[in-house]
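User: Please take one part of this structure and go through it closely for me. After that, I'd like to see how other parts are put together.

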Amino acid sequence: MRSRIFSITILCLFAVLTWQPDAWAGLPEGAIVYIECATPAGTSRGSGVLVNHEGFVLTARHVLGGKPNEQIPETTKCKGSIGVADENATRAMIVQPITVSVDAALLQFSDTREYEFMPVCKLENWMIRRNIFVAGFPGKTESGAPSFREGVLSTVRRNSKGVLETDGQTIAGMSGGPVFSNNLKGLVGIVLGAQFTQEGTVSYFGILPIEQQYIDAFSLTPSEEPCFHHELTTEFGPFDGNNAINLHVKVTDAACFLSSVGGLFNNEGDLVEVKPVNGEYWLTGANKQGGSIRVSARCIWYD
């Protein structure tokens, strides 16, 4: 009898964890959505990603049974669950009346609350060969957990359908899922599927990159921190304070700041700082009495 009660308790605890909306709070999994849609052609399953605190979910249009520039039928009904592929945890979603010329659509959870979501970084040419993570719910998943696969942006040249080539391996069920930057800080695209050769082999995996037109159309939130970056520290000194030093780093390419300052500050007017001048970072300051000052400047690139 005690064993039976223990088993029931475990089952109830699992149900609570499954339904707990904040189980993935603060993690990338907390933005990944399992989606089921009842369409005129039958049931369609895929993935999506939360892109707004009001519960808006970006996904591939074909997950809703539609095509680019095609209105979604009013009879299409969708539901979804966050962080887990579980039909028992799904909640109703509303198809948003937004039509674009690419394989993308927007849904919204019908229940009102504050949602964890993923900010976006639009595609830039320098992102080529950067590492990414594609994510979603494989159709044959047994655990119900989202799957992550690492790849690179093989190119930044879109084809005629707006699709980018990548080697991030996706399978059925992951369509519409997020494409994360390698630091998992931002959304750089969504999964669209794979392109096959006549022999049936995969020629490439396709994603839809985030671009300004989609940020505008779907009211996406740009990330406040770079999705890709590397760091560089450069030391200057002794610094005489009489001549500004150009760091030759554009404000649009990186964030630069003082990382260390040392030496002799023997006047209250002595000062060193890194500041933008005409779109580039410069090391400037004042050295009133000529004491030796050493400065290190640190830049974090957005690539």
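Analyst: Let's start with the open sheet, which is made of three strands in the order β14-β17-β16, with antiparallel pairing. Strands β14 (245–250) and β16 (271–277) are at the edges with a single partner strand each, so one side of each has no neighbour in the sheet. On average, neighbouring strands here are turned by 25° against each other, direction ignored. Angles like this come from lines fitted to C-alpha atoms and run from 0 to 180 degrees between N-to-C directions. A strand here is a DSSP run of E with at least two residues, and a helix is a run of H or I with at least four, numbered from the N terminus. Two strands pair if DSSP finds at least two bridges between them. β14 and β17 (residues 280–286) run antiparallel and are joined by three bridges, and across that pairing N246 faces W282 in β17. In general, strands of a sheet pair through backbone hydrogen bonds, either parallel or antiparallel.

A word on the model: it is predicted, so local features need pLDDT of at least 70 and side-chain atom pairs count only at pLDDT 80 or more, while totals for chains, interfaces and linings use all residues. Numbering starts from 1 along each chain as its sequence is written, and side-chain values use heavy atoms, with hydrogens and water left out.

Now for the barrel. Six strands close into it in the order β1-β2-β3-β6-β5-β4, again with antiparallel pairing. From one strand to the next, the twist averages 40°. V95 has L107 in β6 standing opposite.

The S44 side chain reaches the backbone oxygen of V63 at 2.8 Å. Beyond its neighbours within four places in sequence, S44 is in contact (heavy atoms within 4.5 Å) with residues including I35, E36, C37, T39, H62 and V63.

One of those partners, C37, takes us to the disulfides (cysteine sulfur atoms within 2.5 Å), of which the structure holds two. C37 is bonded to C78, with 2.0 Å from S to S. The torsion about their S-S bond is about 110°, so this disulfide is right-handed. Because C37 is in β1 (residues 32–39) and C78 in β4 (residues 77–82), the pair ties together parts that are 41 residues apart in sequence. Both C37 and C78 are buried.

The other link is between C256 and C299, whose sulfur atoms are 2.1 Å apart. This link is right-handed as well, with 110° about the S-S bond. C256 belongs to β15 (residues 254–263) and C299 to β18 (residues 293–301), so this pair links distant parts of the chain, 43 residues apart. C256 counts as buried at 8% relative accessibility, and C299 is buried too, at 6%.

Stepping back to the whole protein chain, there are two helices and 18 strands. Of its 303 residues, 44% count as buried. Among contacts between residues at least 6 apart in sequence, 67% join residues at least 24 apart.

Conventions. Polar contact = N/O pair within 3.5 Å; in protein donor to acceptor, adjacent residues only side chain to side chain. Buried < 20%, exposed > 50% of the residue type's maximum accessible area, 1.4 Å probe, protein only.
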